[in-house]
Amino acid sequence: TLDSMPSFEGKDWLLLRSKADSAIRAQKYKEAMPYTDALMAYKGPFLKDVCNYLHYVSRSADYDSHPDFWMDYCLELCRFVAYNNPDRDDATFHQEYALQLEMKLKRAGVSLGTPRFGAQEYSMRPVDLKPKPKHK
């Protein structure tokens, strides 16, 4: 296991990631939170990797039904990534944060409605690129 390996640069964050992954896979979300909290406090040279991992974890809110506390926590992770990811050229993290904010509003019973003008959906897709066709 990773614990038994000799020390190397990045081992600290990989251990936290491994423990968080194990808890999340077992749907023990409260057990995962201290590990992901420690990753948010991480200040080392692998911050971009940490942000990519936390982005991955935060997106679990998009795909399955989870307890409300986990959905709220995923929003917190998503916000952390949007604010702290060193790759400022990648807008994906900011789009995901906006989408999760909208999901939070919907869960709270707030309807945003459809925009009165312009695009009808929030998307990073170029305006003149048509969406993929839907399978029947």
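**Cysteines and a helix pair**

The sulfur of C74 lies 8.7 Å from the closest cysteine sulfur, that of C78, which is too far for a bond; a disulfide here is a pair of cysteine sulfur atoms within 2.5 Å. This is a predicted model, where local features need pLDDT of at least 70 and side-chain atom pairs count only at pLDDT 80 or more, while totals for chains, interfaces and linings use all residues. Residues are numbered from 1 along each chain as its sequence is written, and side-chain values use heavy atoms, with hydrogens and water left out.

The structure holds zero disulfides. C51 is in none, and the nearest cysteine sulfur, in C78, is 11 Å away. C51 is buried, at 0% relative accessible area (buried means under 20%, with a 1.4 Å probe and protein chains only). C74 also counts as buried, at 0% relative accessibility.

Now the helices. Helices are DSSP runs of H or I, at least four residues long.

Which residues make the contact? From helix 1, they are W13, L16, R17, K19, A20, A23 and I24; from helix 2, Y29, E31, A32, Y35, T36, A38 and L39. Contact means heavy atoms within 4.5 Å. By class, these residues divide into ten nonpolar, one polar and three charged.

Notes
Helices (H or I, at least four residues) and strands (E, at least two) are DSSP runs, numbered from the N terminus. Ala, Val, Leu, Ile, Met, Phe, Trp, Tyr, Cys and Pro count as nonpolar, Asp, Glu, Lys and Arg as charged, and the others, Gly among them, as polar. Buried means under 20% relative accessible area, exposed over 50%, partly exposed in between (1.4 Å probe, protein chains only).
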